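Trainee: Could you take me through one part of this structure closely? I would like to look at the place where the two chains meet.

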Amino acid sequence: MEEKEVIIIGGSAGSIDVMMQILPNLPEEFPVPIILVLHRRPSIGNLSEIIFQNRCKIPVLEVEDKMPIMKNTVYLAPGGYHLLVEKNHSFSLDFSEKVNHSRPSIDVTFESVVDIYNDKVIGILLTGANTDGARGLKLIKDSGGYTIIQSPETSMMPMMPEAAESIMKPDQILNPLEISDFLINITKKKCDCCA
Amino acid sequence: MNNEAINIINDNEVELLTDHIFKRYGYDFSDYSQASFKRRINRVMQNFKIPSFAELDHKVIENEQFFNVFIEEVTVNVTEMFRDPAFYKVLRKEVIPQLSTYPLIRIWHAGCSTGEEVYSMAILLKEAGLLERTLLYATDINQQVLEKAASMSFPLDNMKEYTENYINCGGLFDFSDYYVAQYGKAVFLEEFRNRMVFSPHNLVLDQSFNEFNLILCRNVLIYFNRDLQNKVIKLFSDSLPVLGYLALGNKESISFSSVADNFETINKQERIWRKKK
């Protein structure tokens, strides 16, 4: 399988804790950009950026409008906006209607990423108490990308990964530690998806 | 689960439609953010059950009434009163006291949509005792939303959320004193409307039309590409005297623009600048 160009991770209730277990393990230099769309209250502001940045070797940035998408960086979708990607590999923000009662909506970003990166996408869907992201993960899979869900039994809220599983067959079902190992292996080019 | 359609229209077709719209109606969408614009078009096609690009193209070009609906649907008109209470807190504490030194205060809400932010501003001004000597110019590309904004009435269901926002931004009065509930609508007081001027204005094509002490343009530039953003920020700079304020949305910036040096930062977090030269 060809090498992937972007990793996109979605999650809702419980997902910040999962990312706190994963991101600190990643090295400073990571070969592809990682985009995080985690539901959270807009009033939290960029606190998540501060939380993650203090514990991670890899830079974690909250997305600003038209920010370019680079490797060696984790990008956080800001609260209150949908996150889209442009053809020139930069971000656009969008304050339009909520989708799946969510803004940012994971489906919206997954669909936008597939539109630009086609089959060069690794999609990961984590714990959450709604069904946002399931459709987008199916689209990633149907477009030739690689898909992972957090195992429902390790999810604080299994509804989100289960919703995905009910409409598609993910390539892998992993617990947070295994997701962390999967990502670390990408830096060593030993993962199943880009072997 | 949502049924949002995946792309029905491709990039070439977006370009073609953009070209046809410009030639037929003079609206120029070529420097809009492509990701967002394409998504909005797909959404229109899905909502109006338009199965193909050919049919959409025909409808938009041949049917002006539909084109007006199309414009309303592809331009984002999501807004609320006192959105981002922290922003209004800074307006109240840092900007409005400075504005009070002018005998006549002119404010421009560029891309005002259905007007929620204009009424929010008017409330702040009233509470500062400045409403009587302020003119609020509110413009949008879209005539339909301007009519809604000018009607003074908003869905009553939204008032609970707006009241919370109002309190969170330091509002000290009873928010419900500012409107009258009528048949599911909250109709705002005439005294606010009397200080507002609503007018169509296209940020892409139109020039500066006045000088303002404060320009607010929040979450409009995100729908434009960098070239058009730069052009619009320059238009704002040309429409501000020295010491005039510019306020953008929480994730928008002027730092990349050719006129960035004309401004000093007043509040980094809330994206407020002041013209210094």
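Mentor: Keep in mind that this is a predicted model. Start with the extent of the contact: 31 residues of chain A and 32 residues of chain B take part in it. The area buried between chain A and chain B is about 2,600 Å², and carbon and sulfur atoms account for 47% of that area.

Next come the polar and charged pairs. Between chain A and chain B there are seven salt bridges. In one salt bridge, the side chain of Arg40(B) meets that of Glu97(A), at 2.9 Å from N to O. Polar contacts across the interface of chain A and chain B join 19 residue pairs, both residues being at pLDDT 80 or more.

On the side of chain A that touches chain B, four elements each supply at least two residues: β5 (82–85), β6 (91–94), α3 (106–117) and α4 (134–142). Of these, α3(A) gives the most, with four residues. Sorted by class, this side of chain A has 12 nonpolar, six polar and 13 charged residues.

Asp65(A) sits in the loop that runs between β3 (60–62) and β4 (74–76) of chain A. Its relative accessible area is 5%, so Asp65(A) is buried, the cut-off being under 20%. Within chain A, the side chain of Asp65(A) reaches the backbone nitrogen of Leu93(A) at 3.4 Å. Leaving aside residues up to four places away in sequence, Asp65(A) touches Phe91(A), Ser92(A) and Leu93(A), and from chain B Leu221(B), Ile222(B), Arg226(B), Gln229(B) and Lys251(B).

The residue to look at in chain B is Asn250(B). Asn250(B) belongs to the loop between β8 (245–248) and β9 (263–267) of chain B. Asn250(B) counts as buried because its relative accessibility is 18%, and the limit is under 20%. The side chain of Asn250(B) makes a polar contact with the side chain of Asp84(B), at 3.2 Å. With residues up to four places away in sequence again left out, Asn250(B) touches Tyr81(A) from chain A.

Notes
Residues numbered from 1 in each chain as written. Chains lettered and ligands numbered in written order. Predicted model: local features only at pLDDT ≥ 70, side-chain atom pairs only at ≥ 80, totals over all residues. Heavy atoms only, no water. Buried < 20%, exposed > 50% of the residue type's maximum accessible area, 1.4 Å probe, protein only. Polar contact = N/O pair within 3.5 Å; in protein donor to acceptor, adjacent residues only side chain to side chain. Contact = heavy atoms within 4.5 Å. Buried area = accessible area lost by both parts, 1.4 Å probe. Salt bridge = Lys/Arg side-chain N within 4 Å of Asp/Glu carboxyl O. Nonpolar A, V, L, I, M, F, W, Y, C, P; charged D, E, K, R; others polar.
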